[in-house]
Amino acid sequence: MSDELIRLPAMEPVTRPGIQHHRCEHLGCGKNAGWGFARPRQPSHWFCFEHRADGERFL
């Protein structure tokens, strides 16, 4: 074994095609959102766990 340090390339986040990351729409939040709310054929609105109750108005 060598005592030389090994320099690894900087890691970049992996984004796979087809995966979307949503942000919470609650004013001032911006966390990752996992709860989507929408009526049929309407755009979705996304909220985090803490603010998911705000999405009820979009149903």
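**View 1. Cysteine sulfurs around Cys48.** The sulfur of Cys29 has its closest cysteine sulfur in Cys48, at 3.8 Å, which is too far for a bond. This model is predicted. Cys29 is partly exposed, with a relative accessible area of 23%. For Cys24, the closest cysteine sulfur is also in Cys48, at 3.7 Å, again too far for a bond. A disulfide is a covalent bond between the sulfur atoms of two cysteines. The cut-off for counting one is a pair of cysteine sulfur atoms within 2.5 Å. Zero disulfides are found in a search of the whole structure.

**View 2. The largest nonpolar core.** Five residues form this core: Cys24, Ala33, Phe37, Phe47 and Cys48. Cys24 is buried, and its relative accessible area is 7%. Phe47, another core member, touches residues beyond four places away in sequence, including Cys24, Ala33, Phe37, Trp35 and Phe58. Among its other contacts of this kind are Glu25, Arg52 and Asp54.

**View 3. His22 and its surroundings.** His22 sits in the segment before β1 (35-37). Its side chain makes a polar contact of 3.4 Å with the side chain of Trp46. Apart from neighbours within four places in sequence, His22 is in contact with Lys31, Asn32, Ala33 and Trp46.

**View 4. Arg41 in a loop.** Arg41 belongs to the loop between β1 and β2 (45-47). Its phi is near 60 degrees, a positive value in a residue other than glycine. Most residues other than glycine have a negative phi. Arg41 is exposed, with a relative accessible area of 82%.

Technical notes:
Residues are numbered from 1 along each chain as its sequence is written. This is a predicted model: local features need pLDDT of at least 70, side-chain atom pairs count only at pLDDT 80 or more; totals for chains, interfaces and linings use all residues. Side-chain values use heavy atoms; hydrogens and water are left out. A nonpolar core is a set of buried Ala, Val, Leu, Ile, Met, Phe, Trp, Tyr and Cys residues joined through side-chain atoms within 4.5 Å. Buried means under 20% relative accessible area, exposed over 50%, partly exposed in between (1.4 Å probe, protein chains only). Contact means heavy atoms within 4.5 Å. Helices (H or I, at least four residues) and strands (E, at least two) are DSSP runs, numbered from the N terminus. A polar contact is a pair of N or O atoms within 3.5 Å; within protein, one must be able to donate a hydrogen and the other to accept it, and residues adjacent in sequence count only if both atoms are side-chain atoms.
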